[in-house]
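Dear colleague,

Please find below the structure that I am handing over to you. My findings follow directly after it, with the cut-offs stated as each term comes up.

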Amino acid sequence: MGRRSVRRESGVSRRSILRTAGAAGVVGLAGCGGGGNGTPTGEQIGNYPVTGDTVTFGFNVAQSGPFSTAGEEELRGHELAVKHINNGGGWVGQSIFSSLSGDGLLGKTVDFVVGDTESDPESARLSAESMVNNQDVIMLSGGSTSDTALEHQRVAGDAEVVYMATMSQIDSLTGQNCNRFTFREMFNSTMTTRALTPVLLDEYGEDTEFFQIYSQDDWGNAQRQLFAETLREAGWRFTGSLVAQVGTRDFSQYVPDIENASEDVLILNLRGLDAANALRTFREAFPDENIVVPLYTRAVAQTAGGAIENVLGTAAWDPSIDTPLSNTFRSAFAEEYQGGTASSSSSVPSGPAHVAYTQTLLYASAVARAGTFNPNRVISTLEGAQYGAGVGAQTMRECDHQSIRPVPIVRGRPESQQDFGRYFDLVKTTRDVEYSCQEEPASNCSLGGS
C-alpha cells in the first residue's frame with residue numbers, strides 16, 4: 001500500500017461513536033464489532049476492533065523543521081518494515097520476528113498514513129490526533145525529538161492506542177510520564193550517561209574540567225543535569241554551562257564564554273541542525289578542543305562534516321556493527337533504496353531508520369504472537385519480550401516499557417574517511433547501562449492496570 005498523508009481536520013472517530021453509543025445505552029454499534037481477524041467480540045478499546053481487509057499504522061515524523069532529516073530517515077525505516085510485513089524480507093521470519101510470515105498481519109494488508117510533526121510539539125499533537133481520530137490507526141509511531149514524543153505519548157494514552165516511540169531520549173517518557181501504551185526501543189538519557197562516562201574517563205582522565213552547552217527544552221535541561229551529576233561523581237569538575245534556543249543558527253555568540261571557561265572537555269547536549277552548527281562553529285574557533293556529542297545521528301555528522309573528527313558520542317545503531325541481524329537490515333535497506341548497491345549514503349541505513357524499522361516489526365510480531373490487534377493483549381505480549389535488533393540481546397522491560405539494550409559508542413571520522421554514509425568508527429558497544437526498576441527513572445513510572 002502507498003503512503004498516505006494525514007489531513008488535520010476535526011471530526012468524530014469511529015472510536016468516539018462507539019463510546020457514545022455505549023454510554024447512551026445504544027447497543028447497535030457498541031455491541032457488535034470484530035476481533036483483529038474479524039472474530040466477533042464485545043470489547044472496544046482504542047481503534048480496536050479492526051474491520052475490513054487492511055489495518056493502518058500511523059507514522060508521525062519530522063518532515064520539516066530542524067529535525068526533518070532524521071524524521072525522513074525514520075520514515076524510510078518505517079516504510080521498509082511495512083513492505084517486509086506485507087511481502088516478506090528483512091527480519092521477517094527470523095528470531096522473535098519468526099511469528100511474521102510476510103503475507104500481512106492476521107490476514108490483513110498493512111497500510112500506513114504519514115504525518116509531519118514539523119519538529120514542533122503542538123503540530124505533533126494535532127497530527128497524531130488526526131491519525132487516531134480520522135484515520136483509525138491501530139498503532140502510532142514516530143517522535144524524532146523528545147518533546148514531540150511526549151505529545152505522542154499523551155495522545156496514545158488518552159486514545160488507548162499503542163505508541164512505539166522512536167528517537168526520543170528523555171528519561172520521563174519511561175519515567176514519570178510513562179503510560180502503559182508507550183514502548184521505547186531507543187536508550188534513554190540515563191543509559192547514555194552510564195555508557196559514555198567510563199569511556200570519557202578512559203579518554204580524558206579523572207582530573208578533568210568540563211563545560212556544557214544544552215538546548216532550551218526539557219531534554220536539553222535533563223541531559224545537562226545528568227551529565228553534571230554523573231561526571232562530578234566520577235571526579236570531574238563542572239566549570240559552567242550555557243543554554244541555546246532550539247533552532248539556533250549562529251553559535252559564534254557563545255565562543256567568548258567557552259574561551260573564558262578554561263575547560264578540558266566541551267559537552268554539546270544539542271540535537272539535529274543545532275548540534276551540527278555548533279560543532280562547525282566550535283571546531284573552527286577551537287581546533288584542538290575535546291568535544292563530546294552525547295547523542296549522535298548521521299544527519300548531525302553529515303551536516304557537520306570534518307568537524308566531527310575525534311568527537312565521541314553514542315548512536316542508536318551504526319552500519320559497521322557486524323551481526324547477522326544488522327547485516328540483514330543493511331542489505332535489505334540497500335536493496336530497497338539503491339538497488340542493492342552501496343554507492344551513496346542514501347543506500348546505507350542510519351540509526352533513526354534502524355530504530356523505526358525495529359519498532360514497527362516489534363509491534364507487528366507482538367500482534368502476530370498475541371493473535372489479535374487488541375491493545376491489552378499486544379501490550380501484555382510486548383512486556384518482557386526478549387529479542388535482538390542487531391546490537392545484542394534486548395529486553396522490553398515490563399516495569400517501565402523501556403528497552404534495556406546495548407549502547408554503541410562512536411567516534412567521528414576525519415572528513416577524508418567519510419564515505420558511503422559511514423561517518424563514525426565504532427569504539428565499543430557497552431551493556432553496562434542497566435538500572436533496576438527500583439532506581440530512577442524507572443522508580444518514577446507507574447503504568448497502571450490493564
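With which residue does R154 form a salt bridge, and how far apart are the closest N and O atoms? The partner is E151, and the closest N and O atoms are 2.5 Å apart. A salt bridge here is a side-chain nitrogen of Lys or Arg within 4 Å of a carboxyl oxygen of Asp or Glu.

Before I go further, please note that this is a predicted model, in which local features need pLDDT of at least 70 and side-chain atom pairs count only at pLDDT 80 or more, while totals for chains, interfaces and linings use all residues. Residues are numbered from 1 along each chain as its sequence is written, and side-chain values use heavy atoms, with hydrogens and water left out.

Overall composition

The protein has 13 helices and 16 strands; helices (H or I, at least four residues) and strands (E, at least two) are DSSP runs, numbered from the N terminus. Of its 450 residues, 59% count as buried, where buried means under 20% relative accessible area, exposed over 50%, and partly exposed in between (1.4 Å probe, protein chains only). Among the contacts with a separation of 6 or more, 70% come from residues 24 or more positions apart; a contact means heavy atoms within 4.5 Å.

Helix 5 and what follows it

R154 and E151 both belong to helix 5 (residues 146-159), where they are 3 residues apart, about one turn of the helix. An α-helix has 3.6 residues a turn, so residues three or four places apart point the same way. R154 counts as partly exposed because its relative accessibility is 42%, whereas E151 counts as buried because its value is 16%. Helix 5 is mostly covered, with 10 of its 14 residues buried; among them are L150, H152, V155 and A159. Just after the helix, E160 takes a positive phi of about 60°.

Strand 5 comes next in this account. V162 and M164 point one way from it and Y163 and A165 the other way, and all are buried. Strand 4 (residues 139-142) pairs with strand 5 in the parallel sense over 4 bridges, and L140 stands opposite Y163. Two strands pair if DSSP finds at least two bridges between them.

The nonpolar cores

The largest nonpolar core has 49 residues, and those with the most contacts inside it are F57, L105, I138, L361, Y363 and F373. Such a core is a set of buried Ala, Val, Leu, Ile, Met, Phe, Trp, Tyr and Cys residues joined through side-chain atoms within 4.5 Å. The elements that give two or more residues to this core include strand 2 (54-61), strand 5 (162-165) and helix 12 (351-370). Helix 12 gives the most, with 8 residues. Leaving aside residues up to four places away in sequence, Y363 touches F57, I138, M139, V162, M164, F373 and V378. A second, separate core of 44 residues includes V199, L201, Y204 and V355.

Which strands form the open sheet, and in what order? The 7 strands run in the order 8-7-9-10-11-15-16, with mixed pairing. Its edge strands, strand 8 (237-244) and strand 16 (424-430), each pair on one side only. Neighbouring strands are turned by 20° against each other on average, direction ignored; the axes are lines fitted to C-alpha atoms, for helices over the stretch in contact, and angles run from 0 to 180 degrees between N-to-C directions. Strand 7 (residues 209-215) and strand 8 pair in the parallel sense over 7 bridges, and the bridge partner of Q212 in strand 8 is S241.

Further salt bridges

The count comes to 13 salt bridges. R411 forms one with E203, the closest N and O atoms being 3.0 Å apart. R411 lies in strand 15 (residues 407-412) and E203 in helix 6 (residues 189-204), so the pair ties together parts 208 residues apart in sequence. E203 is partly exposed, at 33% relative accessible area.

E209 forms a salt bridge with R237, with the closest N and O atoms 3.4 Å apart. E209 lies in strand 7 and R237 in strand 8, so this pair ties together parts that are 28 residues apart in sequence. Both count as partly exposed, E209 at 22% and R237 at 38%. Finally, salt bridges that share partners join E122, R125 and E129 into one network.

Yours sincerely
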